[in-house]
Amino acid sequence: MRVPPFARYQRLLANFALMVSGAIIGSAVYMSIHQHTYTQLYVEMHKYLQENRDLRADIDSLNKTKNKQSLINVVNVHLVPKNQDELISEDIQKEIVSDIKSELKLVIGQKATYVKDAQPLYEKLITQKTYVLHDKKYIVEVKSIVLIQTELTVWITAQEKRT
């Protein structure tokens, strides 16, 4: 049996190999763009779901205390960076803020005068508490607690614990 001479088809095979490698590289580029877009969409959706949960919790607490003006309706928590050098990622900041809000949820519905008198208690509840998020430990400290009418606002700092 006779083997055909491949010297005739050398350019054809080279062009075919170039086309196949171009298809592979093109699909890899397309997949990376698709994954990047999908990741951005997922992060944005997660942010909106968290915002939706927070707004629903605020609506529930406001409905619970809508006819009672001397009761705490809303608890706001603000995370302030302790050092400009050591910044915490946005996801971890949101998790820390949501953990603090869930701990201070017991304040909602209480009389504002009681909360005003018990501010050191709430400060001790949060200060020097260690939160474990994504295999890292974060220590939270209270900067200030402000009670304005029916809204309790807490400013905190968080720092990664070095072990």
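User: How much space lies in the largest pocket?

Analyst: The model is a predicted one. Rolling a probe the size of a water molecule over the atoms shows where empty space is left. For the largest pocket, the space comes to about 350 Å³.

User: Which helix supplies the largest share of the lining of the largest pocket?

Analyst: The lining comprises 15 residues, and those nearest the centre of the pocket are Ala57, Asp58, Lys101, Lys105 and Ile108. Two helices, α1 (10–64) and α2, each supply at least two residues of this lining. The largest share is eight residues, and the helix that supplies them is α1.

User: How many residues of the lining of the largest pocket are charged?

Analyst: The pocket is lined by 15 residues in total. Sorted by class, this lining has four nonpolar and four polar residues, and the number of charged residues is seven.

User: How many salt bridges does a search of the whole structure find?

Analyst: Side chains of opposite charge can pair when their charged atoms come close. Another is Glu103 with Lys129, at 2.8 Å from N to O. For the whole structure, the number of salt bridges found is two.

User: What separates Lys94 and Glu90 along helix α2?

Analyst: Because they are four residues apart in helix α2 (residues 90–103), the separation is about one helical turn.

User: How far apart in sequence are the parts that the pair Glu103 and Lys129 ties together?

Analyst: The side chains of Glu103 and Lys129 meet in a salt bridge. Glu103 belongs to helix α2 and Lys129 to strand β2 (residues 129–133), so the pair links parts whose distance in sequence is 26 residues.

User: In which loop is Gln149, a residue with positive phi, found?

Analyst: Gln149 is not a glycine, yet its phi is positive, at about 50°. With 70% relative accessibility, Gln149 counts as exposed. The loop that holds Gln149 is the one between β3 (136–148) and β4 (151–160).

User: What is the phi of Gln128?

Analyst: Gln128 sits in the loop between α4 (119–126) and β2. Although Gln128 is not a glycine, its phi is positive, with a value of about 60°.

User: In what order do the elements of the protein run from the N terminus on?

Analyst: The protein contains four helices and four strands. Read from the N terminus on, the order of these elements is α-β-α-α-α-β-β-β.

User: What is the radius of gyration of the protein?

Analyst: The C-alpha trace spans about 100 × 40 × 25 Å along its principal axes. Of the 163 residues, 23% count as buried. A compact globule of 163 residues would have a radius of gyration near 15 Å, whereas the value for this protein is 28 Å.

Notes
Residues numbered from 1 in each chain as written. Predicted model: local features only at pLDDT ≥ 70, side-chain atom pairs only at ≥ 80, totals over all residues. Heavy atoms only, no water. Salt bridge = Lys/Arg side-chain N within 4 Å of Asp/Glu carboxyl O. 1 Å grid on protein atoms, 1.4 Å probe; cavity = no way out; pocket = protein on both sides within 12 Å on 5 of 7 lines; lining within 4 Å. Points joined across faces, edges and corners; volume = space filled by probe spheres on them. Nonpolar A, V, L, I, M, F, W, Y, C, P; charged D, E, K, R; others polar. Rg over C-alpha atoms; globule rule 2.2 N^0.38 Å. Buried < 20%, exposed > 50% of the residue type's maximum accessible area, 1.4 Å probe, protein only.
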